[in-house]
Amino acid sequence: MAAWQFQCNIIPFRKNFDKLSHDEMISWYGIAQPIMDIGFLEQKESWSTDIVQYGNIEETCIEFFYDQDVLEEILCRLDLRTLTKHLFTQILEYVQYIEAYFLVDDKIYPPESECMIAVMKQSKANLFCKNPYAYLNAVE
């Protein structure tokens, strides 16, 4: 993952989030598969045959991870250098449409603009984009 990418999982809505482990939260096993034809990002060739990738891996992308044709996980990376309001809105609408949430650092967030913008503002990716030198100096 590039320093300028804000990474999160797109997770299925469940009523018992508080009783699930991280692996259980991100898993789509046993959940109806969401529509994958996301017209706002172009499908690209992935580094693995088990991953269906939309968007450029070094920019904004959504990856669908499969295990024997069963969807296991959806990973989302947002390029904070170039993310447009239009693309961000399309991603939020897609997540809402598939009745999902965002998982960032083991915290669950609804697919709402104000909420996700606040989370992104606090991210390391945002710090990098605002001031790469300060970010690199803060890296341990």
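Glu99 sits in the loop that joins H2 to E6. In this predicted model, the phi angle of Glu99 is near 55°, a positive value in a residue other than glycine. Is Glu99 buried or exposed? Glu99 counts as exposed, because its relative accessibility is 61% and the cut-off for exposed is over 50%.

Gln68 also has a phi near 55°, again positive in a residue other than glycine. Gln68 belongs to the loop between strand E4 (61-67) and E5. Its relative accessibility is 69%, so Gln68 counts as exposed.

From the loops, turn to the charged pairs. Side chains of opposite charge can pair when their charged atoms come close. How many salt bridges does a search of the whole structure find? The search finds two. One joins Glu63 and Arg77, with 3.1 Å between the closest N and O atoms. This pair links distant parts of the chain. Glu63 lies in strand E4 and Arg77 in strand E5, 14 residues apart. Both Glu63 and Arg77 are buried.

Another salt bridge brings together the side chains of Asp79 and Arg81, at 2.9 Å from N to O. Asp79 counts as buried because its relative accessible area is 0%. Arg81 has a relative accessible area of 45%, so Arg81 is partly exposed.

Arg81 has a further contact. It lies over the face of Trp4, at 4.1 Å from the ring centre.

Trp4 leads on to the aromatic residues. Trp4, Phe128 and Tyr135 form one aromatic cluster. Over the whole structure, a search finds seven aromatic pairs. Among them is the pair of Phe128 and Tyr135, which is edge-to-face. Their ring centres are 5.4 Å apart, and the angle between the planes is 85°. Phe128 counts as buried because its relative accessibility is 15%. Tyr135 has a relative accessible area of 17%, so Tyr135 is buried.

The largest pocket holds about 420 Å³ of space. Its lining has 23 residues, and the closest to the pocket centre are Phe6, Gln7, Val104, Asp105 and Ser123. Which elements each supply at least two residues of this lining? They are strand E1 (5-12), strand E5 (70-79), strand E6 (100-104), strand E7 (107-109) and helix H4 (124-130). E1 provides the largest share, five residues. By residue type, the lining of the largest pocket divides into twelve nonpolar, six polar and five charged.

The second largest pocket has a volume of about 170 Å³. Leu80, Leu83, Thr84, Lys85, Phe88, Ile117, Met120, Lys121 and Asn126 line this pocket. Helix H2 (85-97) and helix H3 (113-121) are the elements that give two or more residues to its lining. H3 gives the most, with three residues. The lining of the second largest pocket divides into five nonpolar, two polar and two charged residues.

Notes:
Residues numbered from 1 in each chain as written. Predicted model: local features only at pLDDT ≥ 70, side-chain atom pairs only at ≥ 80, totals over all residues. Heavy atoms only, no water. 1 Å grid on protein atoms, 1.4 Å probe; cavity = no way out; pocket = protein on both sides within 12 Å on 5 of 7 lines; lining within 4 Å. Points joined across faces, edges and corners; volume = space filled by probe spheres on them. Helix = DSSP H or I, 4+ residues; strand = E, 2+ residues; numbered from the N terminus. Nonpolar A, V, L, I, M, F, W, Y, C, P; charged D, E, K, R; others polar. Buried < 20%, exposed > 50% of the residue type's maximum accessible area, 1.4 Å probe, protein only. Salt bridge = Lys/Arg side-chain N within 4 Å of Asp/Glu carboxyl O. Phe/Tyr/Trp six-rings, centres within 6.5 Å; stacked < 30°, edge-to-face > 60°. Lys NZ or Arg CZ within 6 Å of the ring centre and 35° of its normal.
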